Amino acid sequence: MGLGTAMDWREGLDAGDLSSEALVRAAFDRIRDLDGNLRALLAKDEPRSLALARAADARLGAGERTPVLGLPIVLKDNLHWSGLPMTCGSRVLDGYVAPYDATVVRRLLEAGAVPIAKANLDEFAMGSSGEYSAFGPTRNPWDPSRVPGGSSSGSVVSVAAGYAPLALGSDTGGSVRLPASFCNVTALRPTYGVLSRYGLTAMASSLDQVGPIAATAEDLALAFQVMAGVDPQDSTSVDLPEAERLAPLRAADLKGLRIGLPKEYFAEGLEPAVRAVLDGALREFERLGARLVEVSLPHTRCAIDTYYLLCTSEVSSNLSRFDGVRFGLRVRPSEGGLPEMIAETRDQGLGSEVKRRILLGTFCLSKGYYDAFYLKALKARTLITGDFHAAFAEADILASPVSPGTAFPFGAKTEDPLAMYLADAFTVPASLAGLPCLSMPAGFTGGLPVGIQLIGPALSDVRLLEAAHAFQSATRHHFETPTLSA
Ligand code: GLN
């Protein structure tokens, strides 16, 4: 099939020039050719996907139209798709088969999208590089000696390598935006609550969001439109009525749009070559009529600490359910009873980064430390959120780097957890504030892609996509694709 946008395939399917079955067959051929090297995917069920494709073709033949009808999609393997194994990139879920569909998956299936595979990820979505999967790292299609970024590594690579025009990831502190920036694709983290979390395996519940990934903002809108909206199964879900009018996405008129540049993000730590690419993209926005204004987010310096205190605290609670009793792996020690079984299962089933976070989080929440760490982090979160509110008085949207650098070589940060955490410096603040944000291609340096992040006020998801679409209508960075060989 090669690389095409979802909009291209949408038109072909609607015009009857293409069948979903042909698209899905071509997707599996491409996966067979390329995934031995890239290792983006985990479970697949080709006969089942082909049956779904034929069902979509029947609906198309009967004149039905939906934004995603017949389009192949890849799902991050922390989302439930009934009947397929779900691993979350962990050994602790060995043998677990999803008994139900996540709400976002169900909505896509009802609209006729065709899931083709589950995608590799950092274990339980904890990581920034894709290296923490129990099933081995996924490779970056632009340079196989480098990481694709994480934690939605396999989902992003599936789009970058043209397995599917659409994928779902999840973003807690940057997990769709960072890999999108490393692999030259576009990804949205919606306002917290706009996409249901029901059936997304919880990492840090106050931060987790499902995020669509595609080549363009226009393509994101197709999937987003079908998934958005209140879900009785997720009490934190909210409605976004504008989402319904998304396809086809309008390009925003950027004339007079005030784009705020947080001065704390364009500072020390940002690689000069990345900065140069971003400057080019910002000039493009100016050429399209936008006005650049400097804004300040003074509590940015607390964001990494705040995020990693809250995230690990929530992780320590959420991951207590993996105990060898209810899901997946059970290791029976030769001696002892239930406590030993639980300890042994968790010891053998969970990887070192997950254990590190459970320990840190348990420590943060323990008596005597709760006020000093967890409670203080909650207060810092309020200050960080307040910074954004103040900035949106001066700017309509914000633009920033996604990451201080480009995709790094395997192993560059695995020995130093703090260095890995710092890759998230520009992505965690918007997560803490629950704001919609996206990453889209801005250009290249040294043959590697660089993404630009746009952040909007709460519930401005549609306007953000429209702004990205306007930029993409005037630029070609997002059409650059990697040269791939089997
Ligand atoms: N890299 C961040 C972390 O490791 C974000 C992960 C995510 O968004 N799932 O926590």
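Figure 1. A polar side-chain atom of serine 175 lies 2.7 Å from an oxygen atom of the ligand. Taken alone, the ligand exposes 290 Å², and the protein buries 100% of that. The model shown here, as in every view below, is predicted. Glycine 173 also reaches the ligand: one of its backbone N or O atoms lies 2.6 Å from an oxygen atom of the ligand. Alanine 125 faces another kind of ligand atom. A backbone N or O atom of alanine 125 lies 2.8 Å from a nitrogen atom of the ligand.

**Figure 2. The shell around the ligand.** How many residues surround the ligand? The count is 15. The closest are Thr172, Gly173, Ser175, Tyr307 and Arg357. Look at the classes next. Seven residues of this shell are polar, five are nonpolar and three are charged.

Figure 3. The structure has two cavities of 30 Å³ or more. The largest cavity has a volume of about 80 Å³. It is lined by 15 residues, and those closest to its centre are Gly127, Ser128, Ser175, Tyr307 and Asp424. Where does the ligand sit? The ligand sits in this largest cavity.

Figure 4. Which residues line the second largest cavity? They are Leu297, His299, Thr300, Ala303, Ile384, Asp387, Phe388 and Pro429. Helix α12, residues 370-391, gives the most to this lining, with three residues. Five of the lining residues are nonpolar, two are polar and one is charged.

Figure 5. Two backbone features stand out here. Most residues other than glycine have a negative phi, and most peptide bonds are trans. Alanine 125 has a positive phi of about 70°, although it is not a glycine. Alanine 125 is found in the loop between β2 and α5. This is the alanine whose backbone N or O atom lies 2.8 Å from a ligand nitrogen atom. Now follow the chain to glycine 150. Is the peptide bond from glycine 150 to serine 151 cis or trans? The bond is cis, with omega near 10°. Serine 151 also lies in the loop between β2 (114-119) and α5 (153-160).

**Figure 6. The largest pocket.** About 610 Å³ of space lies in this pocket. Its lining has 31 residues, and the closest to its centre are Ile304, Tyr421, Leu422, Ala423 and Ala425. Three helices each supply at least two lining residues: α9 (303-318), α11 (352-365) and α13 (417-422). Which helix gives the most to the lining of the largest pocket? Helix α9 does, with six residues. By class, the lining has 19 nonpolar, six polar and six charged residues.

**Figure 7. The second largest pocket.** The second largest pocket has a volume of about 300 Å³. Of the 17 residues that line this pocket, Tyr100, Leu200, Thr201, Ala202 and Arg321 are the closest to its centre. How do the residues of this lining divide? Nine are nonpolar, four are polar and four are charged.

How values were computed: Residues numbered from 1 in each chain as written. Heavy atoms only, no water. 1 Å grid on protein atoms, 1.4 Å probe; cavity = no way out; pocket = protein on both sides within 12 Å on 5 of 7 lines; lining within 4 Å. Points joined across faces, edges and corners; volume = space filled by probe spheres on them. Helix = DSSP H or I, 4+ residues; strand = E, 2+ residues; numbered from the N terminus. Nonpolar A, V, L, I, M, F, W, Y, C, P; charged D, E, K, R; others polar. Near = heavy atom within 4 Å. Polar contact = N/O pair within 3.5 Å; in protein donor to acceptor, adjacent residues only side chain to side chain. Areas by Shrake-Rupley, 256 points an atom, 1.4 Å probe, with all protein chains shown as cover. Sits in = over half its atoms within 2 Å of the grid points.
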